[in-house]
Amino acid sequence: MARKGDVVINIEKCKGCEVCLSACPNDVLALSKEVNSKGYHYAMKVNSECIGCANCAIVCPDAVITVYREKRK
Amino acid sequence: MKGNEALAEAAIRAGADAYFGYPITPQSEVIEYLMRENPADRTGMQVLQAESEIAAINMVYGAAGCGKRVMTSSSSPGISLKMEGVSYIAGAELPCLLVNVVRGGPGLGTIQPSQSDYFQAVKGGGHGDYKMIVLAPATVQESVDYVKLGFELAFKYRNPVMILSDGIIGQMMEKVELFEQQPRSKEEPEWATVGKKEGKDSVIVTSLQLQSEEQEKVNLRLQAKYREVEKNEVMYETYNCEDAEYLFAAFGSCARITRKAMEMARKKGIKVGLIRPQTLYPFPADAISELSERMKGILTVEMNAGQMVEDVRLAVNGKTPVEHFGRFGGVIPSPEEILEALEQKIIGG
Amino acid sequence: MSENTIKTPENLVYEKTSVMTDRVLHYCPGCGHGTAHRMLAEAIDELGIQGDTIGVAPVGCSVLAYYYFDVDMQEAAHGRAPAVATGIKRVLPEKYVFTYQGDGDLAAIGTAETIHACNRGENILVVFINNGIYGMTGGQMAPTTLEGMKSSTSPRGRDVKTMGNPLKITELVAQLPGTYFVTRQSVHTPANVRKTKKALKKALEYQKLNKGTCFVEVVANCPSGWKMTPVQSNKWMEENMFPYYPLGDIKVPEK
């Protein structure tokens, strides 16, 4: 079974470009309905399927995503 | 020694870290001498023939941004190409030394000596409100000494310094006393990009400001610096001014010919003196203003169509008539015709 | 294990490298510049050369690159970055020197500086961002604009008969004996981003060997200039840019 992961998104720096959405293998991310202070819909977690692969963070042009992944037991 | 070669040797001895240039008549001997001399072996000084004057001045920018003593040289058409980089260097407040061995223009003009780049040197040349410190040697000795002085001023004010020479001084053979070899500096100025120091902010060399208020602050800082330069660095020589009724004003090689004309005039009983600005920026405006109060007239003698005459007129501010005599396009005026111009334009005028 | 216990320092697998500053990038949403910046910053970070690296920023969209890289940097006049980098490297040969340039800067106004720095084999890294358009000035034609591609100065599409052909400058510099490693990458998918970083890291490692210029092109999108969404622009890039600018190594060091 895949290890569990999690992401922290700096929503104020997110520009809602959606590049991370298609990079995620488990459709964990979607754009928010709300906007941040710059007026952008930002990326947010919509399920708990994150495996901590960091694909989203790697393609994020604005470096807004921090990724965690549980250690192998 | 030949002027250009003496200047090149002076660069090595002044502890220059690098020279970037591109050949052009009448100053190619500078880079030829440096390549022959191979200062990398003597002092570690780097010499590179760039692909263009534009590249050369931007190499100067890069190396100057690292806090190094850097120099380039060229002649008029090449200096025009360098003007983009000079503006950036002035804007980023980097020190460097440029040499213009002036030839006649405009365009390709002629390879013969001229002083027609006065405006370009002292009024800008590149874009934006900036000033170069401009030194005008009249002898090979002075062009050697100004290399050392030029580097000192460049670092004192973090500003480009130009030696405005001409084809006469560059090509002339003259006896010269070279100063002792200076060590290359090991200092790393805090404004230089030499690698980010731990715990310190990274160093950025730039001439760009996005906010107009910030750019205005840069301009105000530059202007304050230029006022300091004007206060501290004016250099000129006067000859026979004590009893003079008339005054010649001339710089560089032209001042030497004018001095001869002055001696001829004196033999004829005409009481004429000479002021020779050694710094064209800052200009000896106060000295000229003071002298003008007891002169019946002033004649500037220049190898151009009348450039320094504008600064002399500004300094004199109407207190006495100011006229210009010039030969240009590479023609060197004779003492006889200078004297004749004095008699016709000033004394008879 | 509950989610709350996952976000602990020992479980951290990815965060922004400290070689990038915390400033908000001024680039448009989805622009490849940010990712390219970050990969170069990560390469510098992983090699531990932050204090020994000097970068040169261009004129164009990435004119403010020095706000984002936490290394000493110089801002060059338009197109002159390779000459500025030459000046730096000649007086500080032990430092790592890179330029970061767009297509207008590197392949139009600065062609001479690019070619000659590569021809001299200056021991620098040239990072070339090719998005086929002038982004900063509002979407004008670039030397790398594709045939038929619309821009504000080729509104009916680039007509190669009158406007010239898209310039493959990377293939061109690969011909020069002075270049040591020449490659073309992209940053639009996780796999491509990883390859780009690997290339940049390799290029910086090669710089220590004094073998010549390393040249890394990154084919990038310009959603604003191309008038597409970021996701559309990445698809358009795959379908249109990559056939003309194929990804992969163009010149690799001989073993």
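Predicted model: local features only at pLDDT ≥ 70, side-chain atom pairs only at ≥ 80, totals over all residues.
1. Basis. Local features need pLDDT of at least 70 and side-chain atom pairs count only at pLDDT 80 or more, whereas totals for chains, interfaces and linings use all residues. Residues are numbered from 1 along each chain as its sequence is written, chains are lettered from A in the order in which they are written, and side-chain values use heavy atoms, without hydrogens and water.

2. Helices α1 and α2 of chain B. The axes of α1(B) (residues 3–13) and α2(B) (residues 28–37) come within 8 Å and cross at roughly 50°. Axes here are lines fitted to C-alpha atoms over the stretch in contact, with angles from 0 to 180 degrees between N-to-C directions; helices are DSSP runs (H or I, at least four residues).

3. Residues of that contact (heavy atoms within 4.5 Å). B:Leu7 and B:Ile12 are among those of α1(B), meeting a set in α2(B) that includes B:Val30, B:Tyr33 and B:Leu34. By class, the contact has 6 nonpolar, 1 polar and 5 charged residues.

4. Interface of chains B and C. Chain B contributes 31 residues and chain C 32 residues. About 2600 Å² is buried between them, 60% of it from carbon and sulfur atoms; this is accessible area (1.4 Å probe) lost on being put together, summed over both parts.

5. Salt bridges (Lys or Arg side-chain nitrogen within 4 Å of an Asp or Glu carboxyl oxygen). The rule finds 3 across this interface. A salt bridge joins the side chains of B:Glu51 and C:Arg120, at 2.8 Å from N to O.

Definitions and conventions
Helix = DSSP H or I, 4+ residues; strand = E, 2+ residues; numbered from the N terminus. Nonpolar A, V, L, I, M, F, W, Y, C, P; charged D, E, K, R; others polar. Buried area = accessible area lost by both parts, 1.4 Å probe.
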